[in-house]
Amino acid sequence: MTETTRTQTTPPPTGGAGKLPGGAGAKPRSPEFRLAADAVRGLRKDMFHDAFAYRPLPRMRTDGPITRRLPGTLRAYAAWTPHAAVAAAGLLAMAAAYSAETGLGPGGGTVAPLLCGFLALLPVLATLVRPVGAFWFSLAAAPAVAMFGSAWSDWPWAPGSFIAHVTVLTVVALRSRPRVAAWMWLLTAAYGLITETLFGGGYYSVNTFPLLFVSALALLVVTVLNIRREAEQEVTAHQSETAQERSKRTLLEERTTIARELHDVVAHHMSVVAIQAEAAPYRVENPPPELEQAFVTIRENAVAALTELRRVLGVVRAEDYEAPDAPQPTLADLDALLANVRDAGLTVEKAVTGAVRELPQGVELSAYRIVQEALSNTLRHAPGASARVEVGYVLGGLGLRIVNGPAPTTILEKSTHGAGHGITGMRERVTMLDGEMTAGVTDDGGYEVAVFVPVSSGEETG
């Protein structure tokens, strides 16, 4: 038996002329409409939402090239320079408004000039705490000044309102995004053109276009300064990130180099252990089975450890890395190193104290590399200076001290040779050996590196 299922499609309910209620089937909005809607939303967000929010103007930094040279008291006052500049501009607008009213003659009175002066001053001062609100205050104060004032020229911007509004636009633009500056300029243009058209017939001259021209120049300069400041901040952030990444990369490279060098040392000892464990049973006549099994276990563990060591080293080895053919250097090779450094023009002397003895190969290699890097830093950063290498064989460890004097001439530019992280590599080697290291500038302007590497009596081979 076959079952037949019938599906009936019900047409969706329509609203109006065949359109879905709620706009689901409505005609798509045009790009112009969406652009206008976005503009209205941006205007509401930038100019109306939290327009009178409290945003005090921060103090100026005092670590600039000029302010850092000021005494402590003056430097503290210099931090208020932006606030003083805004207050001075407000007083200038107030003086212009007062002078424009009192210059009309003795019949002008004193209340109107003072009122016009304060209406020019207060919007400028409001930019210090409520920037966007100060713009609306200035825009509302302009018709009030024109109403209370008695001048029949310069409509709709009286002299005080002219200076005050340009100052407000400039300060708010400095403290806001470029889009806010554009909105303020457009709203100012709309207010000026409307008031000129509707109420400017009884005045001798109108000055909306001069104000728009001056404010456009000021906003253009401010926008360029804001863009430049943001670009400098981004460049500084990128430089900081680059420096951190370079430091991390150099640190990893140093650790990789140490791992490669120690591989040869550890591999040599593990190979010796494996060979001796394999040959030991043949040196004893009729060894017991337990002893033979113990040596077999020792050899298997040594071979397994050597295999794992090579596998781990293969992860950190660069593709172009080639194992050195010559044996790794030790403290016995310091004389050859010092001879090469003297050939490069560095005067260096060596002093050895204590009973010279053979130390573990890892300690010898790290000590040699530390001396090598310290002398290389002297050649790069203090050319022509003299250096001294002190090696101290003390009870329980090895002491190193590499010190150089100041350079005979001042180095104006930092050397570009090397990665600039030699101290980091030395610290990594000392930390690996559970040692201690100090590095810093000496009293005479030179540099000193002091290292102590602990060596237990059981680790010494001679």
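Modeller: Before we start, contact here means heavy atoms within 4.5 Å, and helices (H or I, at least four residues) are DSSP runs, numbered from the N terminus. This is a predicted model, where local features need pLDDT of at least 70 and side-chain atom pairs count only at pLDDT 80 or more, while totals for chains, interfaces and linings use all residues. Residues are numbered from 1 along each chain as its sequence is written, and side-chain values use heavy atoms, with hydrogens and water left out.

Colleague: H11 has another partner, H12. Are H11 and H12 roughly parallel or antiparallel?

Modeller: H11 (residues 361-381) and H12 (residues 422-432) pack at about 165°, their axes 10 Å apart, and are therefore roughly antiparallel. Their crossing is left-handed, meaning the near helix is turned anticlockwise from the far one by less than a right angle; clockwise is right-handed. On the H11 side the contact involves Ser366, Arg369, Ile370, Glu373, Ala374 and Asn377, and on the H12 side Gly422, Ile423, Met426, Arg429, Val430 and Met432. This contact divides into six nonpolar, three polar and three charged residues.

Colleague: Which way does H5 cross H7?

Modeller: That crossing is right-handed. H5 and H7 (residues 178-199) pack at about 15° with axes 12 Å apart, so they are roughly parallel. Phe135, Trp136, Leu139, Ala142 and Pro143 of H5 touch Met184, Leu187, Thr188 and Tyr191 of H7; eight of the residues are nonpolar, one is polar and none is charged.

Colleague: Now the holes. How many cavities of 30 Å³ or more are there?

Modeller: Three. On a 1 Å grid over the protein atoms alone, a cavity is a set of points where a 1.4 Å probe fits but cannot get out, and a pocket is an open set with protein on both sides within 12 Å along at least five of seven lines; lining residues have an atom within 4 Å of a point. Points are joined across faces, edges and corners, and volume is the space filled by probe spheres set on them. The second largest cavity holds about 50 Å³. Its lining includes Leu119, Trp157 and His165, and H6 gives the most, with four residues. The lining splits into seven nonpolar, four polar and no charged.

Colleague: And what volume does the largest pocket have?

Modeller: About 780 Å³. Among its 19 lining residues, Leu57, Met60, Pro82, Leu174 and Arg229 are closest to the centre. H3 (81-102), H6 (159-175) and H8 (208-279) each give two or more lining residues, with the largest share, five, from H6. By class, the pocket lining has ten nonpolar, five polar and four charged residues.

Definitions and conventions
Ala, Val, Leu, Ile, Met, Phe, Trp, Tyr, Cys and Pro count as nonpolar, Asp, Glu, Lys and Arg as charged, and the others, Gly among them, as polar. Axes are lines fitted to C-alpha atoms, for helices over the stretch in contact, and angles run from 0 to 180 degrees between N-to-C directions. Angles under 35 degrees count as roughly parallel, over 145 as roughly antiparallel, 65 to 115 as roughly perpendicular and the rest as oblique.
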